[in-house]
Amino acid sequence: MLLVGLTGGIGSGKSTVSTMLAERGAVIVDADAIAKELQEPGSPVLAAMAERFGADVIGDDGALDRAAVAAIVFGDDDESATALRDLNGIVHPALQTEIRARIEAQSNTDAIVVLDFPLLAENPRDDLAATIVVDVDPETAVERLVLHRGMDADDARRRIANQASREQRRAIATHVLDNSGDVDFLAAQVEHLFDDLCGLRGA
């Protein structure tokens, strides 16, 4: 198994790169997808979130109201910063346990396992053969979030400000993918990247 990390800020195109790598045969361990699974109705994580943030974060259907949580944790004040720390304290231990299990399930294979983790710069790992950073100018990310996700521009900027900086992510990178262009420009870089990863696996 070759374990590599993939990270990038919100709106960077990290999910697009993850999909492209999966299409080329990589096994993706998607931290965001796992977190959503851990927050499904009836889960201990969801119960802990409701206890900390109030019943209003759970919709009438019993599912997590992600917009309600975002409104609490992505503000500009100290209360929001504390709420974000508390949220991470609830979600991250369960998330790390599940990530470990999924990586271990591939340990005796020759798979290229990609840990798709937006918080890799904030929570670095020492077990990665490579670290891939999808890089884009923050204002380009804001434009894409507004256009493709319908987010408010100020909300997008607040979320970006709550993540590691562009410079912090680039500092941990062994491979940087420039997503300032179109999808073909990105795909060509991913093709070269995957060739490099195959070379590392065979080394």
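Reader: Let's start with strand pairing: which residue in S4 does Leu6 stand opposite?

Author: In this predicted model, Leu6 stands opposite Ile132 in S4. Four bridges join S1 to strand S4 (residues 130-135), and the two run parallel.

Reader: Which residue in S3 does Val4 stand opposite?

Author: That is Val114. S1 and S3 also pair in the parallel sense, over five bridges.

Reader: How should I read the two sides of a strand like S1?

Author: Here is the general idea: in a regular strand, side chains alternate between the two faces of the sheet. In S1, Leu2, Val4 and Leu6 are on one side, with Leu3, Gly5 and Thr7 on the other, and all of these are buried. Six of the six residues of S1 (residues 2-7) are buried, so the strand is largely enclosed by the rest of the structure.

Reader: And a helix? Which residues of H1 are buried?

Author: In H1 (residues 14-23), they are Lys14, Val17, Ser18, Met20 and Leu21. Seen down the helix axis, these buried residues fall within an arc of 165°, so they line one face of H1.

Reader: Now the cores, please. Which members of the largest nonpolar core touch the most other members?

Author: Generally, nonpolar side chains in soluble globular proteins tend to be buried together. Here the largest nonpolar core has 28 residues, and Met49, Phe53, Leu87, Val91, Leu95 and Ile99 touch the most other members. Helix H5 (78-104) is one of the elements supplying at least two residues, and H5 gives the most, with eight. Apart from this core lies another, of 18 residues, including Val114, Ile132, Leu186 and Leu197.

Technical notes
Residues numbered from 1 in each chain as written. Predicted model: local features only at pLDDT ≥ 70, side-chain atom pairs only at ≥ 80, totals over all residues. Heavy atoms only, no water. Buried < 20%, exposed > 50% of the residue type's maximum accessible area, 1.4 Å probe, protein only. Arc of directions from axis to C-beta. Core = buried A, V, L, I, M, F, W, Y, C linked by side-chain atoms within 4.5 Å. Pairing = 2+ DSSP bridges.
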